[in-house]
Amino acid sequence: MNKPLKQHLIDPEICIRCYTCEMTCPLEAIEHDDNNVVVDASKCNFCMDCIPVCPTGSIDEWRVVNDPYSLDEQFEWDELPAQADIQTAGGEVETGMEALDEAMAALLAEAHAGAGGKAKAPASASKPTVNMYNLGKPAKAVVQGNYRLTSEDSDSDVRHIILDLGGLPFPVLEGQSVGIIPPGTDDEGKPHLPRLYSVSSPRDGERPNFNNLSLTVKRDEGGLCSNYVCDLKKGDTVQLTGPFGATFLMPEDPQARLLMICTGTGSAPMRAFTMRRQRSVGAKSGGMVMFFGARTPESLPYFGPLNKVPDTLLKKHLVFSRIPGAAKEYVQDRMRAEEDVVAEMIADPNTHIYICGLRGMEEGVEKTLTNIAESIGQPWGALRDTMRNEGRYHVETY
Ligand code: NAP
């Protein structure tokens, strides 16, 4: 093997253990233990298939090394080791990230196109706790409630699930996710992998100062975990991993404004953000604007409660794609119709953008943001990179 070599790694602090990379890798170079998801340097050929599918950007870590980190070393990590200085073949010493050459940078730029890219947490966000409970040591929660959020005659069955952690510490911030381990085993007799759900309650609990949290879960036809969760009864016990996620967090700065764009159950973290603001500033100006898309009002999660949130706290644009007799409207269409509002917000350095929901919405939303940004003389690519670097641009789409 030529030395030094580049090694592909995963940031254990940012990774939300959704295992999408592991399922995507054509070489089976990605694997996990109870704790971490890791890359086998002897198998990875830098095909980059795993880069765009990662919802957090944690997959996008590279080090130049003389000897690759072993799987066992990676399984032990709580955080990534820094790039060490490297002695090159010519005997020169390259420092830190200089060791990553231009060819690699170009390759990465290409893999990033269209993906969420590397995210950063807002500068004023609280420090999240991550990976406190894992596959080997899951937390046990008791179901406190399971309420249908969509009307009985809607074909979309979305549930509000409240989980009680009892005396168990489970510190979770708005925007973080938890894993739920469905009971039983797969065809090979292995325990099922946890499925990830965004927490839809604020940090002090669904009910203030109770050690509980809520999730927003849609029943997927044939979905193993979503059917398990949607069928849970009060008093059932559930195994949880997490919390996960260290970047899709809200700013603590009360002056920060939030532009929230979501579809369907992607509204879960937006509910948590809204409740956090509501509990901290009351009905005063919350500086929050939401574009929220669903098929119909009957299938829009939290339609009733959302409509009761005062406009001063949260300006809502609820858009519907399947109302009989009405034209199909997507979030990006409404953003275009409200371009002055969006333009004013994206020009404000206090604004944070959050996009959550269907993967397919990302392209349309990006296009609309491009047009609106350009109409105010700001090239969107550059503005988005600035916002991302400042922890003000966040995407979580599946
Ligand atoms: P859905 O009901 O299928 O769709 C919601 C709305 O989005 C519908 O009006 C739909 O319109 C519209 N839509 C479809 N394609 C679009 C596009 N290209 N651009 C803009 N809007 C589009 O949504 P869902 O089943 O609730 O799915 C939400 C997604 O969020 C899931 O993929 C889920 O994994 C993800 N997510 C969930 C969480 C969570 O915590 N629960 C967190 C992060 C992400 P039409 O169907 O009429 O075309």
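Which residue does Lys367 form a salt bridge with? I found Glu363, the closest N and O atoms being 3.7 Å apart.

**Ground rules.** I am working with a predicted model, where local features need pLDDT of at least 70, side-chain atom pairs count only at pLDDT 80 or more, and totals for chains, interfaces and linings use all residues. Residues are numbered from 1 along each chain as its sequence is written, and side-chain values use heavy atoms, with hydrogens and water left out.

**Salt bridges.** I counted a salt bridge when a side-chain nitrogen of Lys or Arg lies within 4 Å of a carboxyl oxygen of Asp or Glu. That rule gave me 24 salt bridges. Back at the opening pair, I noted that Lys367 and Glu363 sit four residues apart in helix α9 (residues 361–375), so about one helical turn separates them. Helices here are DSSP runs of H or I with at least four residues, strands are runs of E with at least two, and both are numbered from the N terminus. Lys367 and Glu363 are both exposed. For the cut-offs, buried is under 20% relative accessible area, exposed is over 50%, and partly exposed is in between (1.4 Å probe, protein chains only).

I then looked at Arg159 and Asp157, whose side chains meet in a salt bridge at 2.9 Å, N to O. Arg159 counts as buried because its relative accessible area is 16%, and Asp157 is buried too, at 10%.

**Strand β4.** Is β4 (residues 61–65) enclosed or open? I found five of its five residues buried, so the strand is largely enclosed by the rest of the structure. Glu61, Arg63 and Val65 point one way, while Trp62 and Val64 point the other way. Strand β1 (residues 5–9) pairs with β4 in the antiparallel sense over five bridges; I took two strands as paired if DSSP finds at least two bridges between them. Leu9 has Glu61 as its bridge partner in β4.

**The six-strand sheet.** I traced an open sheet in the order β10-β9-β12-β7-β8-β11, with antiparallel pairing. β10 (195–198) and β11 (212–218) stand at the edges with a single partner strand each, so one side of each has no neighbour in the sheet. Inside it, β9 (residues 177–181) and β12 (residues 237–244) pair over four bridges, and Ser177 stands opposite Phe244.

**Helix α5.** This helix (residues 268–281) has 14 residues. I found ten of the 14 buried, among them Met270, Arg271, Phe273 and Val281. Just after α5, Gly282 takes a positive phi of about 70 degrees.

**Cavities.** How many cavities of 30 Å³ or more does the structure hold? I got six. A cavity here is a set of points, on a 1 Å grid over the protein atoms alone, where a 1.4 Å probe fits but cannot get out; lining residues have an atom within 4 Å of a point. Grid points are joined across faces, edges and corners, and a volume is the space filled by probe spheres set on the points. The largest cavity has a volume of about 130 Å³. I listed 20 lining residues for the largest cavity, with Pro55, Thr56, Ala119, Thr247 and Val395 nearest its centre. Strand β17 (residues 393–397) gives the most to that lining, with four residues.

Methods: Expected span 1.5 Å × (residues − 1). 1 Å grid on protein atoms, 1.4 Å probe; cavity = no way out; pocket = protein on both sides within 12 Å on 5 of 7 lines; lining within 4 Å.
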